[in-house]
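Open the model in your viewer and keep the selection tool at hand. The stops below say what to select next and what is there.

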Amino acid sequence: MTVSQKNLTVDEQLESLLADRKIILFRYDAYLRQQIYKKLTALQKKLLNRLASADIENINKKESVQLLKNIKELINESYQNVSEFSQSELNELFPLEVDAVHSIYNESVKFDLFNQVPAYKLQSIKNAGIISGSPLEDWWSKQANDLNFKFTNIIRQGILDGKPTSELISEVKELLVASRRWSETLVRTAVMKVHDQAQQALRDENLDILKGEQQISTLDLRTSEICRVRDGKAWDLDKKPIGEHDLPYQRPPLHPNCRSTLRLLTKSWRELGIDVDEIPESTRASMDGQIKEGLNYEDWLKNKSPEEQDKVLGKGKADLWRNGVITFRDMLDQSGRPLTLKELMELNGSDKSNNLFSKYLPKELSKVIEIGKSISNKYADVLDKAIADGKPHEGVMEIMRREGVELGGDVKVSGIKKSAVSELISSVQRYPNSWIEAHNLSGKVVVKEITKKGGIPSYNPALKIISTHKNWTLERRISTHIHEFGHRLQEIMPELDKYFVDFWKKRTAGKPELDLREYGYANVGKFKDGGFPEPYYGRDYGNVLNPKPMEMLTMTFESLLGGSKERFESLRTKDPELFHLGITLLTRYKL
């Protein structure tokens, strides 16, 4: 993120970098709009197919009631999926954006003046999608309700007027086009709200060096009137106007598709108590605490080098703009250059923000589970394909990769049989690389083959030995490797295991202890029935005062990564909460 340094004041540098950041966010919202467009297009296909098969011309009252009920369920289900997907994306964007704006402000003043927002404070901001006082999910719910209402009216009025199905389908198509258009507006507005919240979070962490905030609105000449009159106006930290205006303080977005920003105003060097003689000359003269007029971004862009223009706006469009073929506003449309969260993270130059977000998961177990549910919905097509191919673990691993989790790290393992060592390593590499590194730092494990009939593989924590049964099928051995290495993870990552222990305690509170042998297991041991996919999940190696549910983590990860379609489906269908907990931890938990 660099711009030309020639003759730049801090204000000019800051406003230019913030404008550059907006262009990057336009690229991200292009990606988000694309994904939601696909989901709503799929909804349209289902709705039109349902309408076409309803035989509207001959439908009776009972059938029409059932039709509208089915339509409502389809719409609500689709918009719930859209809501969860978009909220998950924006929640992940938020820490990235905080990191980006923090870097922008410090780059502008040329040293680390602004403090970073601590991770625990990022986690305290519950929702990164509050727009005009309402959560993003409420806006999606409103859109679903509006669509239901208008769709119902079209069908009912069509039946009364005796309209043919083809005419109703045309009216519904027009309705759905308008609905998708509004969804794009909502996405654009929500992404810019995340940017605003990032600025607000940085402000709250650096109040001691700030004097107020100033609105920046004009990217081009078609800025809305409500934002144009506020452009360049400033307010102090008590939200009182600075200068000769009486406009009330208000945070963007101020209207749908709003792109305005409240940038932070620093105190002067003298007000900060800093000896200006100790400040680099290039910085000293450019930060005097005075409030400047807003920078015209198009004029500033013209002063950039062609290479910088290409980097910000894309070479193709930048060439057309330089040659006068398209307008500056046309160039601001970044729909053709979508940017995913992973690409955005790479553009930031670090995965620092993602790591912060991943490491500090919510304390409430229900919220951790909710993250997994959102991720599962987001990648439902990936899971469905993997299941259809009979390889559900590959779907989970693909989700992990798409969420920025590295796989395939080296594993410290030794043993007499090289084939057994190689097999254990390739199996364990399905776990996140950061987890494997934690194992490596704690030493190696030894893999030992057993051949005795009836022998059961296990993990011996005292000797650090993982045993494997030579005569079992490869699929069964791999699944067991995942399970037994899970016990190794419990040993070196007790804070990871705590999520499963807490889940077990919550589910089994007040339940009696039962004997595994009475449920068909050869194992001598007790368990508690917490409604898990099978009794062995609930096995307790401790006692009433000090329970040790050591199979929750191992059975969950074995089901997700072991390769058995039956185990995977059993976990997903019989205990979706535990399924989602496992998905959250595999994609989000980092040391």
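Start with the aromatic rings: 15 aromatic pairs are counted, a pair being two rings of Phe, Tyr or Trp (its six-membered ring) with centres within 6.5 Å, called stacked if the planes are under 30 degrees apart, edge-to-face if over 60 and tilted for the rest. This is a predicted model, in which local features need pLDDT of at least 70 and side-chain atom pairs count only at pLDDT 80 or more, while totals for chains, interfaces and linings use all residues. Residues are numbered from 1 along each chain as its sequence is written, and side-chain values use heavy atoms, with hydrogens and water left out.

Select Tyr-431 and Phe-485. Their ring centres are 5.8 Å apart and the planes stand at 40 degrees, so this pair is tilted. Tyr-431 is in the loop between H17 and H18 and Phe-485 is in helix H19, so the pair ties together parts that are 54 residues apart in sequence. Helices (H or I, at least four residues) and strands (E, at least two) are DSSP runs, numbered from the N terminus. Tyr-431 and Phe-485 are both buried, that is, under 20% relative accessible area, where over 50% is exposed and in between is partly exposed (1.4 Å probe, protein chains only).

Next, select Phe-503 and Phe-532. With ring centres 6.4 Å apart and planes at 35 degrees, the pair is tilted. Phe-503 belongs to helix H20 and Phe-532 to the loop between strand E12 (526-528) and strand E13 (539-540), 29 residues apart. Both Phe-503 and Phe-532 are buried.

Just after H18, Gly-443 has a positive phi of about 115 degrees.

How many of the residues of H21 are buried? The count is 10 of 10, including Met-552, Glu-558 and Leu-561. The cover over H21 includes helix H16 (392-402), H18 and helix H22 (565-574). After H21 comes Gly-563, with a positive phi near 105 degrees.

Two charged side chains are the next stop. Lys-39 lies over the face of Phe-85, 4.9 Å from the ring centre, and Arg-476 lies over the face of Trp-472 at 3.4 Å. The rule requires NZ of Lys or CZ of Arg within 6 Å of the ring centre and within 35 degrees of the ring normal.

Then move to the open sheet of four strands, in the order E5-E4-E3-E6 with antiparallel pairing. Strands E5 (241-242) and E6 (261-266) are at the edges with a single partner strand each, so one side of each has no neighbour in the sheet. Strand E4 (residues 234-236) pairs with E5 over two bridges; two strands pair if DSSP finds at least two bridges between them. Trp-235 is opposite Pro-241 in E5.

Last, show helix H1 (residues 10-52), which packs on the sheet and touches strand E3 (210-216) and E6, its direction at about 155 degrees to that of E6. Helix H5 (residues 165-205) also touches E3 and E6, with an angle of about 20 degrees to E6. Contact means heavy atoms within 4.5 Å; axes are lines fitted to C-alpha atoms, for helices over the stretch in contact, and angles run from 0 to 180 degrees between N-to-C directions.
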